[in-house]
Amino acid sequence: MEENLPQISGLATVLMVIDNQIVTIEIDGFNAPITGGNFVDLVERNFYDGVRFHRIENQPQFSLVQGGDPFSRNLDIPLELLGSGDFVDPITNQPRFIPLEIKPLGLGQPIIYNQIVSPPVQLPNVTGAIGMARTDILNSASSQFYIPLNDVPVLDGGFAIFGNVIDGLDVIEEIELGDNITAARVTEGIISSRISQIITDTSLLNNFINIVNRANIPLSIDFLQVLTEGDDIFEISTELSQEVFGVFGLEGDDEITGSIINDVINGNQGNDSLDGRDSSDYLRGGRGLDLLSGGLDDDILNGNLDSDTLFGDEGNDFLRGGKDSDVLTGGEGNDILIGDAGTDNLVGETGADTFVLAVIDNEEDNADTIEDFNFSEGDRIGISEPISFVSFTQEGDSTIIQIEAEEEENNIILGTVNNSVAEEVRSATFFFDFATFSFPDALPFGDAALRIG
């Protein structure tokens with residue numbers, strides 16, 4: 001039974017937005033791998049977005065808030081009728097329940113399933129803990145969770161705690177009936193459902209997705225440092241980087257330089273120059289002819305719109321061109337370069353680089369050029385079509401990768417690999433799932449690397 005349920009083996013962090021305020025929840029996968037894994041899996045599905053808090057208890061010895069009923073998204077359903085809804089997997093159309101999971105207190109104690117455990121327990125029902133609600137049936141927990149607002153020891157051993165609110169407990173204490181969760185996102189941790197052929201380094205993949213999740217969580221402009229409508233020259237201080245979720249340029253040709261820690265910089269509009277400098281940064285160009293430079297460490301660079309120039313510099317960087325014709329240069333490290341729409345130039349430089357070629361919206365004028373493919377360094381090429389449908393043709397010193405059609409004139413060129421041998425290009429090419437659609441309560445489809453940028 002447990003093998004078929006999502007699990008998490010370590011710690012994870014979830015940011016939850018309630019009434020435009022942030023609540024930070026730490027998930028304890030060491031002591032509650034199934035209960036924590038179930039919650040994280042639902043967060044990955046965006047399941048809690050729009051869900052309301054339908055129960056509040058304010059008794060002196062029993063104070064808590066409760067939410068997670070999927071029916072609560074429907075504002076026409078009165079709150080007093082909520083509390084019986086569970087997560088239903090849209091793929092199987094079956095509800096998912098998890099066992100009661102309790103670990104007794106003490107070094108080396110095993111986790112006990114579907115049994116009431118006598119206290120003390122490893123994860124007690126203390127103020128700010130987060131646990132799974134259930135009926136009288138021990139294995140009936142599904143999606144509904146509760147957060148105690150005082151210590152409730154009477155629940156210890158009978159209701160599974162899987163983490164704690166580590167910041168924003170004051171937000172939880174102010175929740176009123178009917179308040180909803182705007183969004184919940186995983187921003188730290190290794191999530192097993194994130195699978196990628198493009199990025200095979202699990203830690204790097206999860207770090208990138210977590211950075212993007214945090215940067216893109218829906219918040220008001222108050223959480224950002226917003227520049228002026230003119231041409232700004234702005235250097236981010238370490239203190240500012242710790243205080244805000246990012247720096248946001250408006251119109252004008254901005255020059256924005258990052259701090260020595262992780263920064264999020266959005267040029268927005270204009271011909272912007274964004275330099276991340278040290279640490280792992282997330283740079284997004286926006287509209288205009290932008291110049292993005294990652295600097296040290298593992299950076300995410302997204303040109304977004306128009307023709308941009310991206311340079312990863314040192315570290316294992318993720319470069320994404322966006323629309324129009326871009327120039328992407330990885331620099332030192334094992335970089336991932338995705339041209340996206342338009343005809344792009346991809347330059348990996350040193351390291352084992354991954355070049356991604358994809359047909360975007362069946363555009364014929366979408367062929368990219370890989371300038372420096374190096375088979376001996378471990379360079380790879382990802383394509384969005386099964387390799388059996390693709391030909392690798394030697395033309396002089398280059399290899400043409402194209403999708404073969406029944407009529408030769410209808411072939412679609414995916415890309416040209418300069419200074420290459422066709423057999424080596426074929427050997428280094430792999431297929432990845434380019435699915436970009438999903439539906440409510442399902443895990444995101446397609447290669448997980450495509451969520452980055």
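Which residue caps the N-terminal end of α3? Select Asp 201: one of its side-chain oxygens lies 3.1 Å from the backbone nitrogen of Ser 203, a polar contact (N or O atoms within 3.5 Å, where within protein one must be able to donate a hydrogen and the other to accept it, and residues adjacent in sequence count only if both atoms are side-chain atoms).

Before moving on, note that this is a predicted model, in which local features need pLDDT of at least 70 and side-chain atom pairs count only at pLDDT 80 or more, while totals for chains, interfaces and linings use all residues. Residues are numbered from 1 along each chain as its sequence is written, and side-chain values use heavy atoms, with hydrogens and water left out.

**Helix α3**

Now select residues 202–216, which make up α3. Helices (H or I, at least four residues) and strands (E, at least two) are DSSP runs, numbered from the N terminus. The 15 residues of α3 should span 21 Å at 1.5 Å a residue, and the end C-alpha atoms are 21 Å apart, which agrees; the expected span is 1.5 Å times one less than the number of residues. Colour the buried residues (under 20% relative accessible area, with exposed over 50% and partly exposed in between; 1.4 Å probe, protein chains only): among them are Leu 204, Phe 208 and Val 212. The buried residues of α3 pack against α1 (33–44) and several strands, including β12 (181–188) and β25 (336–338).

**Strand β11**

Next, show β11 (residues 161–167), which pairs antiparallel with β2 (residues 21–28) over four bridges; strands pair if DSSP finds at least two bridges between them. Look for Ile 25 opposite Val 165. Strand β9 (residues 129–132) also runs antiparallel to β11, joined by three bridges, and there Gly 131 has Ile 161 as its bridge partner.

**Aromatic rings**

Select Phe 39, Phe 47, Tyr 48, Phe 53, Phe 87, Phe 145 and Phe 162 to see one aromatic cluster. Over the ring of Phe 47 sits the charged end of Arg 73, 4.8 Å from the ring centre; the rule asks for NZ of Lys or CZ of Arg within 6 Å of the centre and within 35 degrees of the ring normal. Arg 134 does likewise over Phe 159, at 4.3 Å.

**Last stop: Thr 416**

Finish in strand β32 (residues 412–417), where Thr 416 lies. Thr 416 is buried, at 18% relative accessible area. Beyond neighbours within four places in sequence, its contacts (heavy atoms within 4.5 Å) include Asp 368, Ile 370 and Ile 400.

Definitions and conventions. Rings of Phe, Tyr and Trp (its six-membered ring) pair if their centres lie within 6.5 Å; planes under 30 degrees apart count as stacked, over 60 as edge-to-face and the rest as tilted.
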